[in-house]
Amino acid sequence: MENSKTSTVSIVRTDTAVYDDIDFDLLVRNCVANLKDCGVQMPTGGTVFIKPNAIAGFSARSSITTEPELIAATIKLLRDRGVKKIYVGDSSASHIKSRDTFEETGLMDAVIGAGAEFVDI
């Protein structure tokens, strides 16, 4: 049986090479605009699950963990669009507890601060 489903990916660039000057809210808005232009329907209600990369306690600057500000910006955008329940979670590597990884990387503060709920998958 052939799978007829396709995936659409949006990649955007920041206007700065200075990490601390990156506007993650703008990046997320630009990604969503690109997806809309491709006909992708964005949620306007219901429940959404976001799965960042959070396998160990490395900072986003090490290119291993998803940037917490990016996750917060995504949560805020979804909230603004009317999504009522947003869960964010990952399953950390080996014996590491996901909650510990989220706390060490700043993801937990970003998730809770933006109004979402952490889940250990």
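A salt bridge is taken here as a side-chain nitrogen of Lys or Arg within 4 Å of a carboxyl oxygen of Asp or Glu. By this rule, the count comes to three salt bridges. The structure is a predicted model, in which local features need pLDDT of at least 70 and side-chain atom pairs count only at pLDDT 80 or more, while totals for chains, interfaces and linings use all residues. Residues are numbered from 1 along each chain as its sequence is written, and side-chain values use heavy atoms, with hydrogens and water left out.

Relative accessible area is classed as buried under 20%, exposed over 50% and partly exposed in between (1.4 Å probe, protein chains only). Asp20 counts as exposed because its relative accessibility is 60%, and Arg61 likewise counts as exposed, at 52%.

A salt bridge is also formed by Asp90 with Lys51, the closest N and O atoms being 3.1 Å apart. Asp90 lies in strand β2 (residues 85-90) and Lys51 in the loop between β1 and α2, so the pair ties together parts that are 39 residues apart in sequence. Asp90 is buried, at 4% relative accessibility, whereas Lys51 is partly exposed, at 45%.

In the salt bridge between the side chains of Glu117 and Lys85, the N to O distance is 2.9 Å. Here, too, distant parts of the chain are linked: Glu117 belongs to strand β3 (residues 117-120) and Lys85 to strand β2, 32 residues apart. Glu117 is partly exposed at 33% relative accessibility, and for Lys85 the value is also 33%, so that residue counts as partly exposed.

Apart from these pairs, a patch of negative charge on the surface is formed by Asp15, Asp23, Asp25 and Glu69. Patches comprise residues with over 30% relative accessible area and no salt bridge, like charges being joined within 9 Å and nonpolar side chains (Val, Leu, Ile, Met, Phe, Trp, Tyr) within 5 Å. Glu69 is located in helix α2 (residues 68-80) and is partly exposed, with 47% relative accessibility.

The loop between β1 (47-50) and α2 also holds Ser63. Although Ser63 is not a glycine, its phi is positive, at about 65°. The relative accessible area of Ser63 is 68%, and the residue is therefore exposed.

Thr101 is placed in helix α3 (residues 98-105) and is buried, its relative accessible area being 0%. With neighbours within four places in sequence left aside, Thr101 is in contact with Ala54, Ile55, Ala56, Gly57, Ser92 and Ile96. Met108 is found in helix α4 (residues 107-113) and counts as buried because its relative accessibility is 8%. Under the exclusion of neighbours within four places in sequence, the contacts of Met108 are Arg99, Phe102, Glu103 and Phe118. The C-alpha atoms of Met108 and Ile75 are separated by 13 Å, the two residues being 33 residues apart along the chain.

Notes: Areas by Shrake-Rupley, 256 points an atom, 1.4 Å probe, with all protein chains shown as cover. Lys, Arg positive; Asp, Glu negative; His and termini not counted. Charge placed at Lys NZ, Arg CZ, Asp CG, Glu CD. Helix = DSSP H or I, 4+ residues; strand = E, 2+ residues; numbered from the N terminus. Contact = heavy atoms within 4.5 Å.
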